[in-house]
Amino acid sequence: MGSFTDNIIIPYDFTEKADCAVRHAAIMAKNLNAEIILLNIIKKEDQLTESSSKLDGAASRLKDELMIPVRGIIREGTIFKTINEVVDELKSLVVVMGTHGMKGMQKLTGSWALKVIVGCHVPYLIVQENPKYNSPANVLFPVDYKLESKEKLKWVSMLSYLSSIKIVLFAQQGNGPMYDNPTKANMNFCKRYLEEREIPYETIWVDQKGSFYELSLKYAEENHVDCIMITTTRDIGIADYILGAYEQSIIANEAHIPVFVVNPRAEVKLTYTNF
């Protein structure tokens, strides 16, 4: 992660949800000695003057409230392209974004948050309300049979700088050798990775049938985890949004648990030794 500079992007639209995202980002910024950048996206250039005044006021207010560096920038564009363009431009470490979950037409067309996230090379932390912790302590890490399940591990190292976290490796078994064997291989890989870095963890195996990610959410809610780490579906398409990719239900979870979302790298090859 040495190629990143010390800034965290917040897509900022002057709403309370955006302020929630800033407060989550502040926890990370204080521990990582990072700057918070409020990114306001406008549709037309004639909105610039009004938005600049409002953004300067918001940045000043949040800087005083949180006692950390906060500044605003404005770009013309759309949330679906501009956020990730700015991430590349500023070499940002992470994006923290507030969301209302899925409401209205989003239930038919898919989560806007997911559409924004897909394709970005840095993770998004998606939040729905103010943080309930000083730093995330218990992080649920679902492990399935897919190779990209391991993609989250390098970001665990980043989170471990924030506080003394414990990773809960959560997996499902009883689905037959085709799924159980690669899941066990991924689980063993994750355990070795965490042990080598002395990051505390525990393993949870469930034998229940049903959607793995519904089981993950149920566990997260019942055990009051602070954050859930997931990867997005590789090569996600319009059909996934319409039919409901699993990420949508995780991101918009009714317990309002923050979700740390990682996009799988395009260059990862189909081998269990490649990471």
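Where does K91 lie? K91 is found in the loop between helix 3 and strand 4 (94-98). The model is a predicted one.

1. **K91 and its phi.** K91 comes after helix 3 and has a positive phi, near 50°. K91 is a residue other than glycine. Most residues other than glycine have a negative phi. The backbone at K91 therefore deserves a look in the viewer, as its phi is positive and its relative accessible area is 45%, which makes K91 partly exposed.

2. **Helix 3 itself.** Helix 3 covers residues 82-90. Its buried residues are T82, I83, N84, V86 and V87. In an α-helix there are 3.6 residues a turn, so residues three or four places apart point the same way.

3. N33 sits in the loop between helix 1 and strand 2 (35-42). Its relative accessibility is 64%. The cut-off for exposed is over 50%, so N33 counts as exposed. K91, at 45%, falls into the partly exposed class.

4. **Aromatic pairs.** How many aromatic pairs does the structure hold? There are five. One of them joins Y12 and F14, edge-to-face, with 5.4 Å from centre to centre and 80° between the planes. Y12 is buried, at a relative accessible area of 3%. F14 is partly exposed, at 26%.

5. **Y145 with Y179.** The ring centres of Y145 and Y179 are 4.9 Å apart, and their planes stand at 70°, so this pair is edge-to-face. The pair links distant parts of the chain, 34 residues apart. Y145 belongs to the loop between strand 6 (138-142) and helix 6 (153-160), while Y179 belongs to helix 7 (residues 177-196). Y145 is partly exposed at 36% relative accessibility. Y179 is partly exposed at 35%.

6. **An aromatic cluster.** Which residues form the aromatic cluster? F170, F212, Y213 and Y219 do. Y213 turns up again below, in the lining of the second largest cavity.

7. **Lysines over rings.** K54 has its charged end over the ring of F14, 4.3 Å from the ring centre. F14 is also the partner of Y12 in an edge-to-face pair. K152 lies over the face of F141, 4.1 Å from the ring centre. K152 is also among the residues that line the second largest cavity.

8. **Cysteines.** The whole structure has zero disulfides. C120 is buried, with a relative accessible area of 4%. C190 is buried as well, at 0%. Another cysteine, C227, is part of the lining of the largest cavity.

9. **The largest cavity.** Rolling a probe the size of a water molecule over the atoms shows where empty space is left. Two cavities of 30 Å³ or more are counted here. The largest holds about 80 Å³ of space. Its lining consists of H24, I27, M28, L125, Y133, P136, L159, L162, C227 and F260. Helix 1 (residues 16-32) gives the largest share of that lining, three residues. Nine of the lining residues are nonpolar, one is polar and none is charged.

10. **The second largest cavity.** The volume of this cavity is about 40 Å³. P142, D144, K146, E148, S149, K152, Y213, I230, T231 and Y246 line it. Is the lining charged or nonpolar? The residues divide into four nonpolar, two polar and four charged.

11. **A pocket.** The second largest pocket has a volume of about 220 Å³. Fifteen residues line this pocket, and K132, V225, A255, H256 and I257 lie nearest its centre. Its lining splits into seven nonpolar, four polar and four charged residues.

Technical notes
Residues are numbered from 1 along each chain as its sequence is written. This is a predicted model: local features need pLDDT of at least 70, side-chain atom pairs count only at pLDDT 80 or more; totals for chains, interfaces and linings use all residues. Side-chain values use heavy atoms; hydrogens and water are left out. On a 1 Å grid over the protein atoms alone, a cavity is a set of points where a 1.4 Å probe fits but cannot get out, and a pocket is an open set with protein on both sides within 12 Å along at least five of seven lines; lining residues have an atom within 4 Å of a point. Grid points are joined across faces, edges and corners, and a volume is the space filled by probe spheres set on the points. Helices (H or I, at least four residues) and strands (E, at least two) are DSSP runs, numbered from the N terminus. Ala, Val, Leu, Ile, Met, Phe, Trp, Tyr, Cys and Pro count as nonpolar, Asp, Glu, Lys and Arg as charged, and the others, Gly among them, as polar. Rings of Phe, Tyr and Trp (its six-membered ring) pair if their centres lie within 6.5 Å; planes under 30 degrees apart count as stacked, over 60 as edge-to-face and the rest as tilted. Buried means under 20% relative accessible area, exposed over 50%, partly exposed in between (1.4 Å probe, protein chains only). A charge sits over a ring if NZ of Lys or CZ of Arg is within 6 Å of the ring centre and within 35 degrees of the ring normal. A disulfide is a pair of cysteine sulfur atoms within 2.5 Å.
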